[in-house]
Amino acid sequence: MIGAGMVGLATAVELAHHGHSVRVIDPAPASGATHHAGGMLAPAAEVVYQQDPLFPLMQKSGQWYPELMEIVAAHTDLPTGYRTEGTLVVAADRADSQHLSELMDYQNAHDMEVAKLTVRQARTLEPALSPAVAGAVEIPGDHQVFPRLTARALLDALENMGAQIVREKATAVESGTVVTEHGRYPGTQVVLANGLGAAGISGVLDDVDKPDVHQAFQLRPVYGEVLQLHCPAHLQPLCDRVIRGFVEDRPIYIIPRADGRITIGATSREDHRSGPPASSVYDLLRDAIRIVPGIEECEFLEATTGARPGTPNDLPYLGRVSANLVISTGYFRHGILLSALAARITRELIDGVDDDQLSVDISACAPLRDAR
């Protein structure tokens, strides 16, 4: 397994659980996009218009997440950060309420469980909500993990299951052997799951029986900020559910953690600034306080920026490309949610399941679709 972000770690756990001998190669596990992710498991709230091929993948992965967390919990005593209280989505003003209503209609048209609430009902569920919000919906099936905790639990579970963790940087793949800066690691199967780094591994497609594989992995970094705050003891818990919102059409999310921390995010930019711009931090705090005013009393801990791997159509690259190589990268904003799907589908591919017999159709995720 090349890559120890959420996708790589979840896949490694799935493989180890089903009897495979696993080696994970990554110089700094869970230090990339996983470290900066919010961790919302939101197959309904995160739908994007005209990305219909993603919807069944998101929904299946959400359904499979409890089983993945059960496997992890069986092999570690560390907390997974998995919570199932559900999600509220709120609108800051009347225009946002119209946006929310249209989104709910779209979600319902795709058989997603979304229920409209009155503002009073929403504030009964979450009293910290501003009385000025103009609309709300409840999505009970959208859950969350705290990726930093989850990644630590996955790593510990892997070590307890006998997997080998190699903290080295992979540089090449040669017919099933992974070459690093310090050694060579042979294997019967290789899974390339190192996010944006996938395009930098040489030799990956040398065994592919296809002539037009030049620049097959068209991955781009999509940056996003995440803020960490700590809620004072007298306000805990500030909220129990994930609270998402639209503020003058800008998205915002507020995620409560069991340790009193609050995670805030939702920015998305492609300007190649690798650190958090002051404007993004300001926008996130302003919009979060407008939705949940008590955030103003929280202690500011940190602001960080993560780079998510996007593809031209924002669908992942997932599938087998040769007899001993599976590609699993390009998950963009959905890497945490889709890690359960990536794990199961990759395990099925390695177990020899034919594409038309997989648990879900991944034809839209063909890993060489952008080759030229």
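In the predicted model, Ala170 of strand E8 has Thr180 as its bridge partner in strand E9. Strand E8 covers residues 170-174 and strand E9 residues 177-180; the two run antiparallel and are joined by 4 bridges. Together they form a hairpin with 2 residues between the strands. Within the turn, Ser175 adopts a positive phi of about 50°.

Ser175 also belongs to the lining of the second largest cavity, as does Val173. By class, the lining comprises 3 nonpolar, 4 polar and 2 charged residues. The space inside the second largest cavity amounts to about 30 Å³.

In total, 2 cavities of 30 Å³ or more were counted. The largest cavity has a volume of about 50 Å³. Its lining consists of Glu14, Trp64, Glu67, Leu68, Ile71, Ala340, Ala343 and Arg344. Two or more of these residues come from each of helix H3 (54-73) and helix H8 (339-350). Helix H3 makes the greatest contribution to the lining of the largest cavity, with 4 residues. The lining of the largest cavity contains 5 nonpolar and 3 charged residues, and no polar ones.

Among the open sites, the second largest pocket has a volume of about 380 Å³. It is lined by 20 residues, of which Ser21, Val22, Arg23, Gly187 and Gln189 are the closest to the pocket centre. Strand E1 (23-25), strand E10 (184-186) and strand E11 (190-192) each supply two or more residues to this lining. The lining of the second largest pocket is made up of 11 nonpolar residues, 8 polar residues and 1 charged residue.

The cysteines were examined for disulfides, and the count was 0. For Cys231, the nearest cysteine sulfur is that of Cys298, at 4.4 Å. A disulfide requires the two sulfur atoms to lie within 2.5 Å, so Cys231 is in no disulfide. Cys231 is buried, with a relative accessible area of 1%. Cys239 is likewise in no disulfide; the cysteine sulfur nearest to that of Cys239 belongs to Cys231 and is 8.2 Å away. With a relative accessible area of 3%, Cys239 falls under the 20% limit and is therefore classed as buried.

Definitions and conventions. Residues numbered from 1 in each chain as written. Predicted model: local features only at pLDDT ≥ 70, side-chain atom pairs only at ≥ 80, totals over all residues. Heavy atoms only, no water. 1 Å grid on protein atoms, 1.4 Å probe; cavity = no way out; pocket = protein on both sides within 12 Å on 5 of 7 lines; lining within 4 Å. Points joined across faces, edges and corners; volume = space filled by probe spheres on them. Nonpolar A, V, L, I, M, F, W, Y, C, P; charged D, E, K, R; others polar. Buried < 20%, exposed > 50% of the residue type's maximum accessible area, 1.4 Å probe, protein only. Pairing = 2+ DSSP bridges.
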